Amino acid sequence: MAPGKVIAVHLAYESRAAQRGRRPQEPSYFLKPASSLAGSGGEAVRPAGTELLAFEGEIALVIGRTARRVTPEEGWSHVSGVTAANDWGLYDLRHADKGSNVKNKSGDGYTPLGPAVISSTGLDPAALRVRTWVNGTLAQEDTTAELAFPFGQLVADLSQLMTLEPGDVILTGTPAGSSVAQPDDVVEVEVDAPGAPGAPSTGRLVTHVRESAHPMAPYGAQPRVDDTQREEAWGSREAAGLPPRTDDDGTPSPVDADGRYVPSAPTPDRTLLTDELRAMIERTAVATLTAQLQKRGIQNATIDGVRPQHPGRRLLGYAKTLRYVPRREDLAERFGGGFNAQKRAMDSVEPDDVVVMEARGEHGAGTLGDILALRAQVRGAAGVVTDGAVRDAAAVAELGLQVYAGACHPAVLGRRHLPWEVGGTIACGGTTVQPGDIVIGDDDGVVVVPPALLVEVVEAAHEQELQDAWVLEQVRAGRPVDGLFPPDADRREEYRRWRKEQDR
């Protein structure tokens with residue numbers, strides 16, 4: 001029989017309250033739909049383009065007798081049994097709920113229960129244990145001796161205004177250790193009574209995490225996360241891969257909690273790319289821009305060895321830099337998982353950003369896949385440039401995001417790379433790239449233009465394009481190239497007269 005009501009407690013364990021830094025004076029609740037229920041072996045699906053699907057191992061109370069206006073001392077007697085539960089939530093949508101949890105907690109399969117129910121007969125409600133494993137590693141463990149609100153109080157409190165009916169379920173909150181799960185993770189929850197005769201157990205409630213092919217539809221609340229949500233979803237700033245909080249005066253630490261350098265990146269001037277300048281760049285070849293940079297003494301401005309996934313399309317935007325270092329197992333254990341530098345880069349993209357990745361020209365593993373490419377696209381990225389490889393190449397291409405890459409490779413990032421730094425000065429394809437540099441690409445390749453030279457270089461390149469077009473027409477008309485390409489003094493004067501005529 002499906003429960004008529006599924007009621008969940010926001011915060012009930014002392015360990016969780018300590019982790020969150022707040023302890024409520026009384027319990028508060030939210031409802032979950034019956035359509036979110038699932039059994040052991042089911043799936044928790046994370047929508048495409050989201051990142052913070054979190055597990056919460058819990059003890060679920062199953063109501064056995066009708067309860068209406070009962071006392072805390074009577075509350076437990078209305079419970080027929082307990083089982084394991086996982087109260088899944090998508091923190092990307094918490095902003096839309098205002099505490100109701102309707103969007104982030106109500107997905108199909110987000111309330112698995114089971115696999116067995118332990119009878120409440122003779123059971124001490126203060127002597128139960130809940131444990132959660134992620135891929136076989138213990139992530140949560142606590143006992144009901146550490147509850148801020150005993151089970152009898154929860155039943156009594158709820159029964160004051162609503163009738164609790166047989167089959168109704170109360171999810172009693174999660175202890176510390178709740179965190180974010182990733183696609184292909186296996187999360188297991190078990191509830192037992194180790195001190196009771198026979199040490200009864202529910203067995204392990206198994207949920208498989210899967211990535212959906214479908215993003216959130218555009219006509220509802222869109223995924224939105226910030227560092228506060230990441231910290232709460234992962235359980236701590238360290239687990240989320242976030243730097244420590246700044247000092248009281250707002251001064252950031254030059255290194256993070258693990259002693260890793262935190263760069264002070266220049267702030268891009270996002271007023272540079274005016275509509276007029278964009279139009280000029282659109283009509284100007286990367287080869288011509290490169291030649292103009294060379295005339296100004298900048299000989300090494302092209303990102304070499306990368307090719308576009310969408311030939312015939314241009315790329316233009318502000319550089320957002322990401323650096324990978326070679327994988328080292330001890331560092332990978334600390335920095336490779338969680339909300340690592342790669343994910344932070346994609347999730348902090350601003351419109352018109354081009355994510356430029358330093359991968360040392362290493363093509364033995366993918367530096368970009370379809371999920372993170374989609375996340376960058378959803379946030380308005382103009383494109384991605386990597387001197388490494390792309391995996392899920394067909395799926396990435398299907399998104400339509402312009403990507404320049406050195407190769408394709410099926411292996412995941414961690415085979416060769418470790419995400420290390422966002423927002424620093426990097427080397428990509430043999431050239432130096434800083435945040436805010438202007439990145440321009442066409443079928444010939446990609447050039448990086450220093451912001452201070454942009455207007456000068458584009459205007460000169462545009463004029464050179466006009467001159468080259470005039471020379472082409474002269475050659476097409478049968479004139480010899482000697483003295484014409486490049487134009488000598490006489491030919492330049494001839495061109496200037498032609499330009500004046502065109503401007504009349």
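Analyst: A polar contact is a pair of N or O atoms within 3.5 Å; within protein, one must be able to donate a hydrogen and the other to accept it. The model under discussion is predicted.

User: What is the volume of the largest pocket, and which residues are the closest to its centre?

Analyst: The volume of the largest pocket is about 980 Å³. Among its 37 lining residues, the closest to the centre are Gln 182, Gln 342, Lys 343, Leu 372 and Val 412.

User: Which elements give two or more residues to the lining of the largest pocket, and how many of the lining residues are charged?

Analyst: The elements that give two or more residues to this lining are helices H8 (329-335), H9 (341-347) and H10 (370-378), together with strands E21 (366-368) and E24 (417-422). By class, the lining has 12 nonpolar and 12 polar residues, and the number of charged residues is 13.

User: Why is helix H5 largely enclosed by the rest of the structure, and which residue caps its N-terminal end?

Analyst: Helix H5 spans residues 227-234, and it is largely enclosed because six of its eight residues are buried. These buried residues, including Arg 230, Glu 231 and Trp 234, pack against helix H1 (14-20), strand E5 (53-55), strand E14 (179-180) and H9. Just after H5, Gly 235 has a positive phi of about 105°. At the N-terminal end, a side-chain oxygen lies 3.1 Å from the backbone nitrogen of Thr 228, and the capping residue is Asp 226.

User: How many disulfides does the count come to?

Analyst: A disulfide requires two cysteine sulfur atoms within 2.5 Å. The sulfur of Cys 408 is 15 Å from the closest cysteine sulfur, in Cys 428, and is therefore too far for a bond. Cys 408 is exposed, with a relative accessible area of 56%, whereas Cys 428 is buried at 0%. The count of disulfides comes to zero.

User: What distance separates the C-alpha atoms of Gly 317 and Ile 438?

Analyst: Gly 317 lies in strand E19, residues 315-326, and is buried, with a relative accessible area of 0%. Leaving aside neighbours within four places in sequence, Gly 317 is in contact with residues that include Asp 437, Ile 438 and Val 439. Gly 317 and Ile 438 are 121 residues apart along the chain, and their C-alpha atoms are separated by 5.8 Å.

User: Is Asp 184 buried or exposed?

Analyst: Asp 184 is located in the loop between E14 and strand E15 (186-192). Its phi is near 80°, a positive value in a residue other than glycine. With a relative accessible area of 68%, Asp 184 is exposed.

Notes:
Residues numbered from 1 in each chain as written. Predicted model: local features only at pLDDT ≥ 70, side-chain atom pairs only at ≥ 80, totals over all residues. Heavy atoms only, no water. 1 Å grid on protein atoms, 1.4 Å probe; cavity = no way out; pocket = protein on both sides within 12 Å on 5 of 7 lines; lining within 4 Å. Points joined across faces, edges and corners; volume = space filled by probe spheres on them. Helix = DSSP H or I, 4+ residues; strand = E, 2+ residues; numbered from the N terminus. Nonpolar A, V, L, I, M, F, W, Y, C, P; charged D, E, K, R; others polar. Buried < 20%, exposed > 50% of the residue type's maximum accessible area, 1.4 Å probe, protein only. Contact = heavy atoms within 4.5 Å.
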